[in-house]
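Hi everyone, thanks for coming. I'd like to walk you through a structure that may be new to you, so let me put it up on the screen.

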Amino acid sequence: MSELITAQQVNELVDRFYARLVEDDYFHHLFSQRGVDIDLLKERQRAFIARIVNPASSQERQGEVGQVRERHHFGISREGSERWFAHMTDAVGEMELEPKSKQALLQKIQYLLKKMLEQPKEAN
Ligand code: HEM
């Protein structure tokens with residue numbers, strides 16, 4: 001997936017996605033419970049998405065899996081991941097992007113989500 005999504009489009013996607021997440025009671029509750037700073041989260045998410053849309057070596061891809069696992073040590077439920085992905089799919093769907101870019105991005109995210117769900121849940 002090389003440069004199929006510009007930095008500006010990544011920003012737009014993250015804005016659209018988080019506008020949806022904060023309106024969803026499930027995430028609203030999760031974010032307030034964890035005292036999450038949404039602006040900071042969006043900034044990190046922008047950097048992360050910008051990274052995953054660029055071509056990565058298999059070593060870098062391993063790094064991404066490690067990163068998402070580490071940053072979600074509180075444990076992601078199947079329900080949470082399905083809701084998260086549904087909002088992401090809607091946000092991507094609203095964007096003016098090549099169908100193959102949309103597909104590649106969603107596939108990549110789905111792969112990461114699958115890896116996250118495989119991680120053992122930490123007792124917290
Ligand atoms: C492939 C899918 C996902 C990606 C790429 C992703 C990416 C990220 C990134 C980059 C951060 C910022 C981490 C940091 O502070 O450096 C983050 C934080 C967070 N994510 Fe995700 N995420 C994904 C799925 C999910 C899901 C499914 C949930 C909830 C069910 C979730 C909930 C959260 C929460 C609550 C935080 C804030 C953690 C905290 O500061 O306590 N994420 N995510």
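Let's start with a pair of helices. The axes of helix H5 (residues 78-94) and helix H6 (residues 99-117) come within 11 Å, crossing at roughly 170°. An axis here is a line fitted to C-alpha atoms, for helices over the stretch in contact, and angles run from 0 to 180 degrees between N-to-C directions. Helices are DSSP runs of H or I with at least four residues, strands are runs of E with at least two, and both are numbered from the N terminus. H5 and H6 are therefore roughly antiparallel to each other; that word is for angles over 145 degrees, while under 35 is roughly parallel, 65 to 115 is roughly perpendicular and the rest is oblique.

Who makes this contact? From H5 we have Arg78, Ser81, Phe85, Met88, Thr89 and Val92, and from H6 Lys102, Leu105, Leu106, Ile109, Gln110, Leu113, Met116 and Leu117. Two residues are in contact if their C-beta atoms, placed from the backbone, lie within 7 Å. By class, the contact of H5 with H6 has 9 nonpolar, 3 polar and 2 charged residues. Ala, Val, Leu, Ile, Met, Phe, Trp, Tyr, Cys and Pro count as nonpolar, Asp, Glu, Lys and Arg as charged, and the others, Gly among them, as polar.

A word on the model before we go on. This is a predicted model, where local features need pLDDT of at least 70 and side-chain atom pairs count only at pLDDT 80 or more, while totals for chains, interfaces and linings use all residues. Residues are numbered from 1 along each chain as its sequence is written.

Now let's step back. Along the principal axes, its C-alpha atoms fill a box of roughly 40 × 35 × 25 Å.

H5 has another partner. The axes of helix H1 (residues 7-23) and H5 come within 9 Å and cross at roughly 140°, which makes H1 oblique to H5. On the H1 side, Leu13, Arg16, Phe17, Arg20 and Leu21 meet His87, Met88, Asp90, Ala91, Val92 and Glu94 of H5. That contact of H1 with H5 counts 6 nonpolar, 1 polar and 4 charged residues.

H6 also meets H4: their axes come within 9 Å and cross at roughly 55°, making H4 oblique to H6. Here Glu64, Val65, Val68 and Arg69 of H4 contact Leu112, Lys115 and Met116 of H6. The contact of H4 with H6 divides into 4 nonpolar, no polar and 3 charged residues.

Finally, the ligand. Which residues come nearest to the ligand? Of the 18 around it, they are Arg44, Phe48, Gly80, Trp84 and Leu112, where near means a C-beta atom, placed from the backbone, within 6 Å. Two or more residues of the shell come from each of helix H2 (25-33), helix H3 (38-52), helix H4 (58-71), H5 and H6. H3 gives the most, with 4 residues. In the shell around the ligand, 11 residues are nonpolar, 4 polar and 3 charged.
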